[in-house]
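Please read it alongside the sequence and the coordinates.

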Amino acid sequence: MSVPILSRGQLLGTMEFRAPANQDWNNRSVELARVIAQRLALALDNIRLYEQAQLVANREQVANQVAARLQSRTDIDS
């Protein structure tokens with residue numbers, strides 16, 4: 001069984017589940033596979049948001065360092 005991994009309406013990939021040859025998929029198994037794919041999509045989105053926040057924080061830190069250096073100068077030429 002293949003289950004799509006969707007995040008914000010975008011297809012990220014699919015998860016494949018396999019059952020023994022003599023076993024059919026029941027509604028509970030299908031629902032469990034769907035929930036697992038949803039949680040994976042949520043975890044991947046959280047990772048993306050965390051990385052994005054880290055980039056913003058790093059940029060702000062550099063901007064603050066530059067501003068602090070500029071403010072500490074008493075002479076325009078320096």
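A salt bridge is taken here as a side-chain nitrogen of Lys or Arg within 4 Å of a carboxyl oxygen of Asp or Glu. A search of the whole structure with this criterion finds 4 salt bridges. The structure is a predicted model, in which local features need pLDDT of at least 70 and side-chain atom pairs count only at pLDDT 80 or more, while totals for chains, interfaces and linings use all residues. Residues are numbered from 1 along each chain as its sequence is written, and side-chain values use heavy atoms, with hydrogens and water left out.

Helices (H or I, at least four residues) and strands (E, at least two) are DSSP runs numbered from the N terminus. Exposure is stated as relative accessible area, where buried means under 20%, exposed over 50% and partly exposed in between (1.4 Å probe, protein chains only).

| Salt bridge | N to O distance |
|---|---|
| Arg-8 and Asp-45 | 3.2 Å |
| Glu-31 and Arg-34 | 2.2 Å |
| Asp-45 and Arg-48 | 2.9 Å |

Arg-8 lies in the loop between β1 and β2, whereas Asp-45 belongs to helix α1, so the pair ties together parts that are 37 residues apart in sequence. Arg-8 is exposed, with a relative accessible area of 64%, but Asp-45 counts as buried at 13%. Arg-48, at 36%, is partly exposed, and Asp-45 and Arg-48, being 3 residues apart in helix α1, are separated by about one helical turn. Leaving aside neighbours within four places in sequence, Asp-45 is in contact (heavy atoms within 4.5 Å) with Ser-7 and Arg-8.

**Nonpolar core and surface patch**

A nonpolar core is a set of buried Ala, Val, Leu, Ile, Met, Phe, Trp, Tyr and Cys residues joined through side-chain atoms within 4.5 Å. The largest such core has 7 residues in all, namely Val-3, Ile-5, Met-15, Phe-17, Ala-33, Ala-37 and Ala-41. The elements that give two or more residues to this core are β1 (2-7) and α1, and α1 gives the most, with 3 residues. Ala-33 touches Met-1, Val-3 and Phe-17, not counting residues up to four places away in sequence.

On the surface, Leu-12, Leu-40, Leu-44 and Ile-47 form a nonpolar patch with about 320 Å² of accessible area together. Patches are made of residues with over 30% relative accessible area and no salt bridge, in which like charges are joined within 9 Å and nonpolar side chains (Val, Leu, Ile, Met, Phe, Trp, Tyr) within 5 Å; accessible areas come from the Shrake-Rupley method with a 1.4 Å probe, and for residues only the protein chains shown count as cover. The largest share of the nonpolar patch, 3 residues, comes from α1. Leu-40, placed in helix α1, is partly exposed at 31%.

**A loop position**

Asp-24 lies in the loop between β2 (10-16) and α1 (27-72), and Asp-24 is exposed, with a relative accessible area of 69%. Asp-24 and Gln-65 are 41 residues apart in sequence and 61 Å apart in space, C-alpha to C-alpha.
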